[in-house]
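Subject: Structure handover

Hello,

Here is the structure for you to look at. My notes follow below it.

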Amino acid sequence: MKRLMRILMYGIGAVCLIVLGLLFYVTKILPDVGPVPDITVDITDERVERGRYLANHVMLCMDCHATRDFSLFAGPPEPGTLGAGGERFDHSMGFPGVFISPNITPAALGDWTDGEIFHMITTGVNREGKAVFPVMPYHRYGTLDEEDIYAVIAYLRSLDPIVAEHERSKADFPVNLLLNTLPTAPSFSPMPPKNDPVEYGRYMIAAAACGDCHTKRDGPAYVGEPYAGGNEFQMPDGSVVRAVNLTPHETGLGAWTKEMFVERFKIYADSAYVPPAVAPGELQTIMPWLMYADMEREDLEAIYDYLQTLQPVDNPVIRFSAAE
């Protein structure tokens, strides 16, 4: 009996050591994405303008790092908040914790090196060595051309500083432990030429992170067919909006022409368009139409060309359900 108890205690001790070792590895060793690069970004007018375009109309840094007004259709950013952060992603929207977009104007990033900003954008690992929740699509940004990341950094450096303090993000258990397992080292690729519309479209749709919303997810994990839609987003009033199917099936974009696809965005670029007020229970969307609307027509056409090469997926999606 004593021998059995001794073996049992040894077994429990071994399990405890393994658990402690895993906890140490996950919390102290991970994320393992390589060192912060030692770079200095030359701020040129060309880079700032490219960064302005990417951050406002493609990568949409300025959409999440602002305060969106969901009393209006598509939740346009409130004036004066671009870059200041403060957008909240919490349990009311189905998130496993409370995640607050930080201030990314020079008021907050002034003492960050260019390498630290670059590292954060492309790996999701902050200057403290901790992973952020992948509501920020850093996995996508880490596949882009390094020059485009430099352009975004140049643009961020050019912003007017806005002093805005926010509470720190906090993930629920066990997500707070799993976060450090998610980042991977970036795998950059050169931007394809525009005369190769499918490959250029593949690049631009990665930059726009369309797949992060339009692919069914279970937490941070993708569980659905790429771009087939169905991902659910709970609104604060309890209504649910779902990402539509973007594959070339009849339940997706099968009947859409390129012109129809582009104009779906461009109607929001019309200077006469004013986003209407949306009352609780009325049709709403998290799709930032007003910011994507100013994406260059050539870029939208290339995204359409790429989407047409996808395997068609039969997935009818109910776009919106009001709260019961």
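A polar contact here is a pair of N or O atoms within 3.5 Å; within protein, one must be able to donate a hydrogen and the other to accept it. Please note that this is a predicted model.

His 57 first. This residue sits in helix α2, which covers residues 45–57. A polar atom of the His 57 side chain lies 2.8 Å from the backbone oxygen of Met 291. Leaving aside residues up to four places away in sequence, His 57 touches Met 291, Tyr 292, Asp 294 and Met 295.

Three strands form an open sheet in the order β1-β2-β3, and the pairing is antiparallel. The edge strands are β1 (88–89) and β3 (170–171), each of which pairs on one side only. Strand β2 spans residues 97–100, and two bridges join β1 to β2. Phe 89 has Phe 99 in β2 as its bridge partner.

Last, helix α9, residues 197–207. Which residues of α9 are buried? They are Tyr 200, Gly 201, Tyr 203, Met 204, Ile 205, Ala 206 and Ala 207. What covers them? The cover includes four helices: α6 (138–141), α7 (146–158), α10 (210–213) and α13 (297–307). Just after α9 comes Ala 209, with a positive phi of about 55 degrees.

Best regards

Notes: Residues numbered from 1 in each chain as written. Predicted model: local features only at pLDDT ≥ 70, side-chain atom pairs only at ≥ 80, totals over all residues. Heavy atoms only, no water. Pairing = 2+ DSSP bridges. Buried < 20%, exposed > 50% of the residue type's maximum accessible area, 1.4 Å probe, protein only. Contact = heavy atoms within 4.5 Å.
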